[in-house]
Amino acid sequence: MKFSPWWTDWRRLALFIALFALSACAHVEPWERGRLAQSRMALVEDPLLSAMNDHVYTAKEAASGGTGPAGGGCGCN
Amino acid sequence: MTLELHRNVFSEMGCPCEISIYANSAKAAREAFALGEEEAGRLDRKYSHYRSDSWLASFQERASQSGGAEADAETAVLLDYAQSLFEFSNGSFDITMRPLTALWDAVRAIPSPEQIGDILGRIGWHRVFWDGQVLSMPPGMTLDLGGLVKEYAADRIAGLLRQAGFRHGFVDLGGDFHFLGPHPDGSPWRVGIRNPSARNAALAEISIGSGGLASSGDYERCTEINGRRYSHLIDARTGWPVESDHDAGLSAVSVTAPTCLVAGSVATIAMLHQGARAKAFLENSGLAWMSVARSGSIEGAIQ
Amino acid sequence: MAPGQRAEAAAATDSKMERYSKAIRSLLATSLGLPGMQDLLAKELPEEGADYRYTFYDEDPIPQNRLAFGDPRRYEIESHQFRVVKNIDDSYGLELNFQHETMSGSSPWYAVPGPDGPLQVMSGATIRERRNQADAGVRFLRGDWSHHAAVGYSSENDYVARYGSYSVELESADGLRVTSWGVSYSNDEVTPTDAREFGRVESADRDALSGSLSVTQVLSRNTVLQGGVSLTRQSGFLSDPYKLVWIGGAVIAENRPDERRMLTWTARLRHFVEGPEAALSMDYRYFRDDWDVAAHTLDISWKQPIGETWEVIPSVRYHAQSAPDFYAPYFLSQPGGIHWSSDYRLGTFGALSYRLHARLKGEKWSLSMGAEYYDSDESLALATPHFDSPGLVSFWRLSAALRFLY
């Protein structure tokens, strides 16, 4: 099959790196970080909902992952 | 993994210091003590105004030359902080007022208005140019970070110990404390606040688990002139020591805050204010505090 | 914890800070700029608490005009999730998760040619099954490093899964970036029911090994961006033992390759919008594997607080995937290759789901309710579908959750 490892996926790798080159410009004072600490700004605010979403979508679609380490398997069909 | 209390007493910054931490081996404790002593030494060598070879001495030199001197990150924040305190205290707390303190330390009689006026004309943070990066000041002006560095050092050493994984213990630099965390069983540390009039007796006991604790007091270092005691705390606005030689005058204030630096600044400013103003200031801050008046009466509580 | 969250989480949620006067807070803020000061305020482990979530999942039945024969009523699942987080001291935290699910319904078996397109054959029997899953994890903090290890086990009457993972996070000196590496492994065993009667494989194994890398960066005081990549290799028996394929009139078991290598690229953005004080959340995933499946998934949500106690969260998710060469609803003649499957989940389709959640917050607890409608269709795909997939599913999902902090 036509599958190449991620390091040859040039366009996406370049985009990934570009996203973080931008970030070199950030200067955020410690006392300005209050917003980021709010739960609604969290990457995963509700772990149970997030786990259930992964479970449901992985069981009904061909794609999986991208949400953290593997957890759980089921014979879902 | 059993934690045991290890204690190290040393001398730095001209005062007796102590680091006590709970560690699971003597080796880990020794490494912690080395870290602490090294950092205290570094800050003393950098900022001490008693040493003519300190980094601060050369920085001052360069600041009075044309173009001024660029401050490194650590010094920049300390200067920003000193500026905030200057504004916060309406000019009473001023890191350029060393000549005033020296004047009052040395005299046998009350200095004349001309002597004071002469010095006031040469000092003052308002004469300094500080834009957050470059410091420029008239020749002859000096910076005295003594009121900040010891408290900062206590916080900094505590931060390093915390980074190294220690969670229970404290740093004590001549009475400026930072408590990393309570005893492993959760019980707080007990600190005795010294009684100004009875040297070896504790006036009150403070229970504290974590955070900074600092005190400002003048019972140890005052000047006696013609039978009257003059505080060693000089108000930079007036050029005179704070008026504390009466019953209601404060002889000591202790404050706790998340950092020793802020605790120390608040205690010092309360001492500069004196009286009812000090009490209002302390109550308004929201921090826990305790004060002792000349009469011996105690106000406030730290639990 | 994400960058910026360590120091300010403590500062923001420490109720004592609110009692300090503005002047004191400003002094504290200035002094925080000094090196090492942030460590003093850092509360690093996640919040302790217990959570429970109930979910009711109900698939729409196969429409009559797409059904060949069998029971059109699809899955209905009820699920209970429990989670407990406890911190031992400042450096160690424990997490325990437990899930119990009951499922019933008939499932798609294979498809057959029909006058207007493929028709779905459904399994006759409705199965009532139970699944239990438990996992335990430990988190360990030291300086800028945070370690997490977890193991888990899932069991139902025909399937057992065992899995473990380890990840480590490093926060940068300025606290604005967190880099994370993770590895996980799982080993599953399937023992299909009625194996002999239906000629299914009696027992088969599969395992998967996965590695990931992600970087989370604070872009501004209102924005955080996370980018990640992960590689997974699955091997063993990867077919679904219950699924069949119609090939030129004969119906035989599906046969997928026994190895699958998968790559995902993910990007997640969290942005605070100042006017409404809401958070905009966007998650994108690109998936590719060596079966030639490619998929894009975009999940956008808007978290809007209303007053001090309510929060309303509308969200939408779009998913599009393209099928591998060995997929077709049925084959008129022997397929060219040695693999074949008519599992609708491998087809080319797109799916849109709409959700609405609402949360009510107290000081130490919160209650949350949500609903989702998911619909998948060939016409929603980005790639051009070659076939109709009569088995594509749509469902409703309703849930309620309770959280306690202690």
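This is a predicted model: local features need pLDDT of at least 70, side-chain atom pairs count only at pLDDT 80 or more; totals for chains, interfaces and linings use all residues.
Which residue is the bridge partner of V215(C) in β12(C)? Hold that thought for a moment, everyone, and thanks for coming.

Now, back to the opening question. The partner of V215(C) is G227(C), which sits in β12(C). If you trace the chain from β11(C) to β12(C), you will find two residues between them, and the two strands form a hairpin.

β11(C) has another pairing to show you. Strand β10, residues 177–190 of chain C, pairs with β11, residues 204–220, again in the antiparallel sense and over 14 bridges. To find your place there, look for V183(C), whose bridge partner in β11(C) is G211(C).

Let's stay in chain C for an open sheet. Three strands make it up, in the order β2-β6-β5, with mixed pairing. The edges are taken by β2 (67–69) and β5 (108–112); each has a single partner strand, so one side of each has no neighbour in the sheet. On average, neighbouring strands here are turned by 40° against each other, ignoring direction. Zooming in, β2(C) and β6(C), residues 119–122, pair in the parallel sense over two bridges, and F69(C) stands opposite V121(C) of β6(C).

On to chain B and its helices. Helix α3 covers residues 73–88, and its 16 residues should span 22 Å at 1.5 Å a residue; the end C-alpha atoms are 22 Å apart, so the two agree. Its buried residues include V77(B), L78(B), L79(B), Y81(B) and F86(B). Just after this helix, have a look at N90(B), which takes a positive phi of about 55°.

Next, a pair of helices. In general, two packed helices are described by the angle between their axes and the distance between the axes. For α6 (residues 146–163) and α7 (residues 260–273) of chain B, the axes come within 7 Å and cross at roughly 150°. Anything over 145 degrees counts as roughly antiparallel, and α6(B) and α7(B) are therefore roughly antiparallel to each other. Their crossing is right-handed. Where they meet, α6(B) contributes residues including L148(B), Y152(B) and D155(B), while α7(B) brings, among others, L261(B), A263(B) and T268(B).

Finally, a quick word on chain A. It has two helices and zero strands, and of its 77 residues, 44% count as buried.

That's my tour, and I'm happy to go back to any part of it.

Key
Residues are numbered from 1 along each chain as its sequence is written. Chains are lettered from A and ligands numbered from 1 in the order in which they are written. Helices (H or I, at least four residues) and strands (E, at least two) are DSSP runs, numbered from the N terminus. A residue is buried if 20 or more other C-beta atoms lie within 10 Å of its own, exposed if 12 or fewer, and partly exposed in between; C-beta atoms are placed from the backbone. The expected span of a helix is 1.5 Å times one less than its number of residues. Two strands pair if DSSP finds at least two bridges between them. Axes are lines fitted to C-alpha atoms, for helices over the stretch in contact, and angles run from 0 to 180 degrees between N-to-C directions. Angles under 35 degrees count as roughly parallel, over 145 as roughly antiparallel, 65 to 115 as roughly perpendicular and the rest as oblique. A crossing is left-handed if the near helix is turned anticlockwise from the far one by less than a right angle, and right-handed if clockwise. Two residues are in contact if their C-beta atoms, placed from the backbone, lie within 7 Å.
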